[in-house]
Amino acid sequence: MNPPRQTLLDVTRGTAVLGILLMNIRLFSEPYAAYFSPLAHTDQSISGHLWWQIQYLFADQKFMAIFSMLFGASTALICDKQLAVGKSPYGYYLKRLAVLLLIGLIHAYLIWHGDILVYYALCGLLPMLFVRVPALLTLLFGLLMLAAGSANNLMTFNALKHLPDPVLSEVVAQHFAHSVLVNQAELDAFTSGWSEQVSMRAQLAAEFHLSTFPAWGIFRVSGLMLIGLALYRFGFISGHLSCRCYRNVALLATPAGMVLSFSGLWLNQHQHWQFPEFFFKNTLWNYWGSVLTACGYMALLAYISKRAWLKPWQDYIAQVGRMALSNYLLQSLMCTLWFYGLGFFATTRMSDAVLTIIVIWAIQLYGSKRWLKHYSSGPVELLWRNLSGR
């Protein structure tokens with residue numbers, strides 16, 4: 001039994017937006033450095049370390065990879081529809097990216113510095129150029145982009161590794177103060193008033209856009225978008241392959257990706273999270289492992305959908321996916337209010353984080369269903385479409 005193509009895309013997108021909160025909750029509730037190292041984590045209990053490792057293995061970069069690949073697939077879907085009615089897709093698509101960039105900038109600088117929408121708006125130019133390129137060539141170019149990101153990481157690692165310790169310490173203080181060390185200024189700002197929070201948020205967002213994007217984001221996000229576009233053309237993301245194919249991909253890709261991610265985690269534990277090893281070299285295990293795991297997750301969702309298992313849950317998750325942008329921003333609003341507005345930043349234990357995730361999931365599963373009974377799309381999707389001229 002084949003689910004409608006759009007239904008499978010919605011289920012996959014809904015799973016991604018719910019799943020990405022498993023990692024984003026750490027950036028919302030913890031100092032920036034806690035995202036990269038458990039040594040900076042607020043909860044240093046055994047359960048706290050276990051929670052960090054579970055997040056790393058099952059969520060870190062995995063759902064972001066799914067989102068990025070779906071963006072590439074959506075690029076093909078949007079452009080194909082425009083071409084099918086004899087219209088050039090590029091003007092409309094560029095307007096969509098411009099509006100998304102505006103939404104992302106507002107989100108990043110006023111609501112939450114961990115925004116990914118700015119990356120998507122900028123990197124979205126590349127899959128647009130590949131909508132008429134053969135799928136195999138698109139896939140190869142996407143893998144090449146990922147490889148370039150890996151090479152850049154290794155070159156940076158080698159450059160830093162050979163610095164004398166005093167110089168390395170100075171480089172960390174100047175360029176990686178938030179990423180490697182628990183920064184007292186960050187703790188003070190996010191437990192203070194609105195103006196202090198906005199100032200720190202702007203500082204972190206600018207670092208994410210001006211430093212992290214050219215060094216990592218452009219390779220990672222663009223590469224995944226192209227891979228997603230190619231997988232859509234191959235019929236993988238659109239649900240056109242057989243149950244047997246999806247089952248085999250899920251059984252092979254998911255554990256293979258997990259093994260790679262675990263290898264990086266083991267190395268980091270063995271080397272006591274030493275910089276720059278954990279930040280640049282050992283992270284590459286998860287960099288590649290997360291791509292395999294993400295493909296395994298998508299294959300599993302396709303297999304479940306084609307078998308028509310868990311049908312009531314699929315319907316709820318599909319509604320979340322239909323308004324994925326609204327739900328992504330709603331997560332930010334709720335978490336910003338809770339952690340920054342009500343003062344729970346840097347005090348969150350594992351049980352608190354899990355409870356917060358469950359509550360937000362419940363609100364979004366129920367709220368999306370209710371909203372879409374009255375409207376065709378989420379509120380931000382409707383705004384996005386109208387501002388894009390459609």
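**Stop one: two crossing helices**

Select helix α5 (residues 90-111) and helix α19 (residues 379-387): their axes come within 9 Å and cross at roughly 135°. Axes here are lines fitted to C-alpha atoms over the stretch in contact, with angles from 0 to 180 degrees between N-to-C directions. That makes α5 oblique to α19, since angles under 35 degrees count as roughly parallel, over 145 as roughly antiparallel, 65 to 115 as roughly perpendicular and the rest as oblique.

Now show the side chains of Arg96, Val99, Leu100 and Ile103 on α5, plus Val380, Trp384 and Leu387 on α19, which make the contact (heavy atoms within 4.5 Å).

Before moving on, some ground rules: this is a predicted model, where local features need pLDDT of at least 70 and side-chain atom pairs count only at 80 or more, while totals for chains, interfaces and linings use all residues. Residues are numbered from 1 along each chain as its sequence is written, and side-chain values use heavy atoms, leaving out hydrogens and water.

**Stop two: a helix with two faces**

Go to α9 (residues 165-175) and pick Leu168, Val171 and Val172, which are buried (under 20% relative accessible area; exposed is over 50%, partly exposed in between, with a 1.4 Å probe and protein chains only). They sit on the same side of α9 because they cover an arc of only 100° around its axis, taken from the directions from the axis to the C-beta atoms. The buried residues of α9 pack against α8 (135-161) and α10 (177-180). On the face turned away, find exposed Pro166 and Gln174.

Key:
Helix = DSSP H or I, 4+ residues; strand = E, 2+ residues; numbered from the N terminus.
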